[in-house]
Structures are given as C-alpha cells and as structure tokens.
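Please read them with the structure open.

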Amino acid sequence: MIIRIGKAEDNDFIVDDAYVSRYHAKLERDDMGNLIIEDLNSTNGTFVNGNRIMKKKITSSDQVKLGNQYMLNVVDAVKFDNDYSYEFEELKEVYDDYIKEKIRIQSSNQFKTRLFQSLPFAVIGVSGLMISFFTKGNSGNKGLIIIGAALAICAPVVGVYFGARQSAKIPELLQNLANKFKIDYVCPKCGTFLGEVPWESLVNKKQCSVSTCRAKWTRK
C-alpha cells in the first residue's frame with residue numbers, strides 16, 4: 001500500500017495548502033504492517049513530532065506536519081480509498097480464538113461434568129460397599145452396615161447433583177464468550193457485528209455489506 005500526498009490532483013490524498021508541495025510525501029505500509037512516511041524532497045519539509053524527517057516509521061498517534069502548518073491526519077490519509085484490509089486481517093485471529101475457546105469450554109466442562117458424576121461412585125459408593133462388606137454377618141455392627149448401605153445409595157444422587165451444577169455453568173461461560181465476540185468481531189469501519197461467519201468466508205465478500213459503509217476488506 002502506497003499513498004501519495006500533495007497538492008497535485010493525481011495524488012491519492014490531496015492537500016490544499018500553500019506550504020505543501022505538489023508531491024510532498026508518501027505513506028507506505030510494509031510487509032510487517034508498519035506505517036512509514038517518506039518526504040519526497042518537498043520544499044518545506046515533513047515533520048514527525050516536531051522533528052524534520054526524510055523517512056520514518058510512524059503510528060496513528062504521531063503528530064505529522066507537512067510544510068509550515070498543515071497537520072496530517074494519518075488515519076484519514078490511510079483510509080483515503082476506504083481500505084480497511086489491514087484491520088480486517090486482524091479479525092482472523094479474533095475468530096480463530098473465539099472458536100478455540102468455545103471448543104475448550106464445551107470439552108472441558110463436559111469432562112468435569114462426567115468427573116463429578118462418577119467421582120461419588122468411586123469414593124462414596126465404594127466406601128459404602130466396603131463398610132457393608134467388612135461388617136457383613138457381624139450383628140454388633142448393624143449401624144455401620146446401615147451407614148454403608150446409605151452411602152452406596154446416596155452416591156448416585158450426589159453425583160447427579162454435582163454434575164448438574166457443573167453442567168449449569170456452561171451456558172453462562174458461552175454467553176460471556178459470545179458477548180465479547182460480538183464486540184470484537186465487527187467491521188473495522190462501521191462496527192457492524194459480522195455474526196459467526198468464518199473469516200475466510202467474509203474474505204470472499206471483499207467489502208462490508210452495509211450500504212453506508214462499504215469498507216474494503218481486501219486489497220484485491
């Protein structure tokens with residue numbers, strides 16, 4: 001991406017200022033995503049945060065001055081042709097992370113639910129059976145026999161209870177994840193939620209479907 005800046009009509013970003021040269025500077029985004037401004041031998045120079053430069057890496061928060069007085073809005077310059085492809089590329093990671101976390105929540109909680117359901121059988125149930133077994137035939141230990149039987153009977157109930165509690169956490173966790181996803185997975189220009197449509201499918205659309213936006217999502 002190269003954006004030519006100056007007074008001439010054939011520039012990408014036209015600046016109507018007496019101290020700005022016809023072909024004053026250019027903005028370029030390199031392969032690493034860095035934004036670089038380069039002075040094109042202008043008469044009155046290009047300044048970044050008060051320092052005259054010939055070529056410098058910048059961010060949208062830097063103060064860029066062309067000539068003696070014109071303050072360049074870097075964001076406006078970069079978006080001169082409604083190109084939001086760089087920001088759109090970052091949404092791929094947002095979508096991938098959402099799917100991974102959704103799968104993790106579902107699989108993790110399913111495992112915990114089964115664990116809580118079966119653990120009472122392994123601990124309470126087995127303990128009850130062992131008490132019953134070792135006191136069997138011993139009339140002096142009827143109390144222990146009753147306790148052992150009760151533990152064996154209660155084990156399934158306890159397992160179902162804790163399993164249900166763990167299972168009930170899943171909808172809340174998924175809802176919190178979905179709420180965050182609705183905030184992050186949006187058109188980088190108009191902020192419209194893109195739904196759970198895979199990022200790769202959105203690439204094929206090439207631009208936002210909102211008529212008042214039409215932000216370009218790809219450089220092709």
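1. Strand S1 (residues 2-6) pairs with strand S3 (residues 25-29) in the antiparallel sense, over four bridges. Strands here are DSSP runs of E with at least two residues, helices are runs of H or I with at least four residues, and both are numbered from the N terminus. Two strands count as paired if DSSP finds at least two bridges between them. Ile 2 has Glu 28 as its bridge partner in S3.

2. S1 has a parallel partner too: two bridges join S1 to strand S2 (residues 13-14). Here Gly 6 is bridged to Ile 14 in S2.

3. On the basis of these notes: the model is predicted, so local features need pLDDT of at least 70 and side-chain atom pairs count only at pLDDT 80 or more, while totals for chains, interfaces and linings use all residues. Residues are numbered from 1 along each chain as its sequence is written, and side-chain values use heavy atoms, with hydrogens and water left out.

4. Next, the open sheet. Four strands are ordered S6-S5-S8-S9, with antiparallel pairing. Strand S6 (51-53) and strand S9 (70-72) stand at the edges; each has a single partner strand, so one side of each lacks a neighbour in the sheet. From one strand to the next, the twist averages 35 degrees. Axes for such angles are lines fitted to C-alpha atoms, for helices over the stretch in contact, and angles run from 0 to 180 degrees between N-to-C directions.

5. Within this sheet, look at S5 and S8. Strand S5 (residues 46-48) and strand S8 (residues 64-66) run antiparallel and are joined by three bridges. Thr 46 sits opposite Leu 66 in S8.

6. Which helix holds Ser 85? Ser 85 is in helix H2, which covers residues 85-134. Ser 85 is buried, at 1% relative accessible area. Buried means under 20% relative accessible area, exposed over 50%, and partly exposed in between (1.4 Å probe, protein chains only).

7. The side chain of Ser 85 makes a polar contact with the side chain of Asp 83, at 2.7 Å. A polar contact is a pair of N or O atoms within 3.5 Å; within protein, one must be able to donate a hydrogen and the other to accept it, and residues adjacent in sequence count only if both atoms are side-chain atoms. Leaving aside neighbours within four places in sequence, Ser 85 is in contact (heavy atoms within 4.5 Å) with Lys 216, Trp 217, Thr 218 and Arg 219.

8. How many salt bridges does the structure hold? There are eight. The criterion is a side-chain nitrogen of Lys or Arg within 4 Å of a carboxyl oxygen of Asp or Glu. One of them joins the side chains of Glu 87 and Lys 79, at 2.5 Å from N to O. Glu 87 is partly exposed at 23% relative accessibility, whereas Lys 79 is buried at 14%.

9. Another salt bridge joins Glu 200 and Lys 92, at 3.8 Å from N to O. This pair links distant parts of the chain: Glu 200 is in helix H4 (residues 199-205), Lys 92 is in helix H2, and 108 residues separate them. Glu 200 is partly exposed, at 41% relative accessibility. Lys 92 is also partly exposed, at 31%.

10. Glu 101 and Arg 104 form a salt bridge at 2.8 Å, N to O. Both residues lie in helix H2, three residues apart, about one turn of the helix. Glu 101 is partly exposed at 27% relative accessible area, and Arg 104 is partly exposed at 43%. Elsewhere, salt bridges that share partners join Lys 92, Asp 96 and Glu 200 into one network.

11. Glu 101 has a further point of interest. Glu 101 and Leu 177 are 76 residues apart in sequence and 8.0 Å apart in space, C-alpha to C-alpha.

12. A disulfide is taken as a pair of cysteine sulfur atoms within 2.5 Å. By this rule the count is zero disulfides. Cys 187 is buried, at 1% relative accessible area, whereas Cys 190 is partly exposed, at 34%.
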